[in-house]
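Here is a look at how one protein model is put together. Have the structure open while you read.

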Amino acid sequence: MAVSEDTVAGAGGATRPGYRAGIIGTGFMGRVHSRAVHAAGGAVAAVSGSTPERGPAIAAEIGAWRAHPDTDALLADPEVDVVHICTPNHLHEQLAKAAIAAGKHVVCEKPLSVDADSAAAMAAAAEAAGVVATVPFVNRFHPMMREARDRIAAGELGALSLAHGSYLQDWLLRADDDNWRVSAELGGPLRAFGDIGSHWCDLLEFVTGDRITRVSAQLSTVHSHRGAPVDTEDITTLQFATAAGMVGTAVISQVSAGRKNRMLLEISGTEATLSFDQEQPELLWLGRRDHSSLLVRDPATLGAEAARLSRVPAGHAQGYQDCFNAFVADTAAAVAGESPDGLPRFVDGARAARIAAAVLDSAERGGWVEVSP
Ligand SMILES: NC(=O)c1ccc[n+]([C@@H]2O[C@H](COP(=O)([O-])OP(=O)(O)OC[C@H]3O[C@@H](n4cnc5c(N)ncnc54)[C@H](O)[C@@H]3O)[C@@H](O)[C@H]2O)c1
């Protein structure tokens with residue numbers, strides 16, 4: 001298929017020249033990315049995973065043109081314009097740098113890397129090469145989060161005073177639950193915080209336009225042995241302060257029974273409070289002293305960005321995969337030379353890595369630690 005024959009529908013509905021993705025890693029995220037590429041009108045030109053024998057079957061399953069036996073072959077494929085890195089975290093730096101060196105645009109999963117220095121080096125490499133390099137902080141693409149961002153920017157909450165919330169899961173609740181993320185060597189030294197706390201902090205800074213400046217963190221490992229000794233945390237608790245004067249707390253856990261993917265973000269100002277629960281993404285609670293209300297996603301009544309990201313009418317629920325679809329559509333728009341608002345780039349991944357470094361430092365040393373700006 002020739003590039004000029006493809007069109008890509010952006011999150012705003014525009015069409016543009018084709019987007020040919022090469023997806024590395026074909027687990028949970030590789031499949032989510034492949035659906036998003038197709039939804040954006042792009043093509044999955046190639047895939048590669050850790051088991052070359054299963055490549056052709058996976059390629060057929062996700063609608064890829066071909067499977068490559070290894071990542072070198074995928075990176076050398078002239079029909080791959082954008083490399084999507086969906087592997088365990090310890091491989092992100094090496095693969096992203098190789099993709100950038102091969103002249104490709106890159107989508108690299110979060111956490112961008114396993115430490116702040118390597119994440120900064122990845123952002124610098126993308127900047128120097130002039131390629132589009134994005135990170136799927138996809139909670140930014142919930143329409144009600146764009147609505148919250150617009151209302152905060154317009155001053156509806158007054159002066160921001162407090163932010164708090166949590167990101168809770170239970171898939172590592174039991175001692176016999178295991179995954180590559182449990183190993184610091186494969187996932188990085190902060191597991192729960194790097195995996196899901198990075199989403200929470202990115203969303204807080206994105207929605208408020210404010211920055212976390214200081215943190216005081218504790219880590220807790222409930223199961224010290226999961227088949228092998230565990231060297232990463234199950235729970236992170238965090239206190240923080242921001243540049244604009246907010247104080248706040250966040251609880252990040254992968255061992256909270258019954259909580260599947262519950263990300264709660266609540267922001268208060270001198271006039272009002274906004275509260276968002278990722279498991280109820282069609283709603284935004286607006287709290288006021290005299291009258292509180294529940295805002296419902298409805299493109300007819302929301303701000304321009306929330307309306308742009310509403311792909312179906314009110315009352316027809318949108319969710320996680322829709323966020324991913326919008327994220328890839330906006331990445332395609334950036335590849336086509338546009339500047340979509342709120343697209344999370346490698347600099348945002350590097351920012352999240354600096355917060356993670358401060359969290360780790362605080363937990364190890366005890367007490368407050370400044371976050372490198
Ligand atoms: N943005 C989000 O919302 C979100 C959600 C979940 C996971 N993630 C991130 O996505 C990444 C992948 O997570 P996942 O949940 O899909 O994990 P997963 O275990 O389901 O899949 C990882 C895949 O990588 C493959 N792989 C391992 N080594 C490889 C190699 N050397 N070359 C090619 N492929 C290799 C594995 O075979 C597997 O298919 C992680 O960085 C994770 O943090 C992001």
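## Threonine 208 and its surroundings

Contact here means heavy atoms within 4.5 Å. One thing to keep in mind from the start is that this is a predicted model. With that cut-off, threonine 208 touches Ile152, Leu160, Met246 and Ile267, leaving aside residues up to four places away in sequence.

Threonine 208 is found in helix 8, which covers residues 192-208. Is threonine 208 buried or exposed? Its relative accessibility is 13%, so threonine 208 counts as buried, the limit for that label being under 20%. The side chain of threonine 208 also has a polar atom 3.1 Å from the backbone nitrogen of aspartate 210.

The contact takes 29 residues from domain 1 and 24 residues from domain 2.

As for polar links, five residue pairs are in polar contact between domain 1 and domain 2, counting pairs with both residues at pLDDT 80 or more. On the domain 1 side, helix 4 (92-101), strand 7 (105-108), helix 5 (116-129) and strand 8 (133-134) each supply at least two residues to the face that touches domain 2. Helix 5 gives the most, with six residues. The rule finds one salt bridge across the interface of domain 1 and domain 2.

## Salt bridges

Side chains of opposite charge can pair when their charged atoms come close. How many salt bridges does a search of the whole structure find? The search turns up 25.

Arginine 181 and aspartate 195 are both buried.

Arginine 151 has two partners to look at. With glutamate 147 it forms a salt bridge at 2.9 Å, N to O; glutamate 147 and arginine 151 both lie in helix 6 (residues 143-153), four residues apart, or about one turn of the helix. With glutamate 156, arginine 151 makes another salt bridge, also listed at 2.9 Å, N to O. Arginine 151 is buried, at 18% relative accessible area, and glutamate 147 is buried too, whereas glutamate 156 is partly exposed at 23%. Elsewhere, Arg20, Arg66, Asp77, Glu79 and Asp81 are linked in a salt-bridge network.

Now for helix 2 (residues 55-62), where Gly55, Ile58, Ala59 and Ile62 are buried. Why do they end up on the same side of helix 2? Because they cover an arc of only 105 degrees around the axis. The other side of helix 2 carries Pro56, Ala57, Ala60 and Glu61, which are exposed.

What do the buried residues of helix 2 pack against? They pack against helix 1 (28-39), strand 4 (43-48) and strand 5 (64-67). Just after helix 2, glycine 63 takes a positive phi of about 75 degrees.

Notes
Residues are numbered from 1 along each chain as its sequence is written. This is a predicted model: local features need pLDDT of at least 70, side-chain atom pairs count only at pLDDT 80 or more; totals for chains, interfaces and linings use all residues. Side-chain values use heavy atoms; hydrogens and water are left out. Buried means under 20% relative accessible area, exposed over 50%, partly exposed in between (1.4 Å probe, protein chains only). The arc is that of the directions from the helix axis to the C-beta atoms. A salt bridge is a side-chain nitrogen of Lys or Arg within 4 Å of a carboxyl oxygen of Asp or Glu. A polar contact is a pair of N or O atoms within 3.5 Å; within protein, one must be able to donate a hydrogen and the other to accept it, and residues adjacent in sequence count only if both atoms are side-chain atoms.
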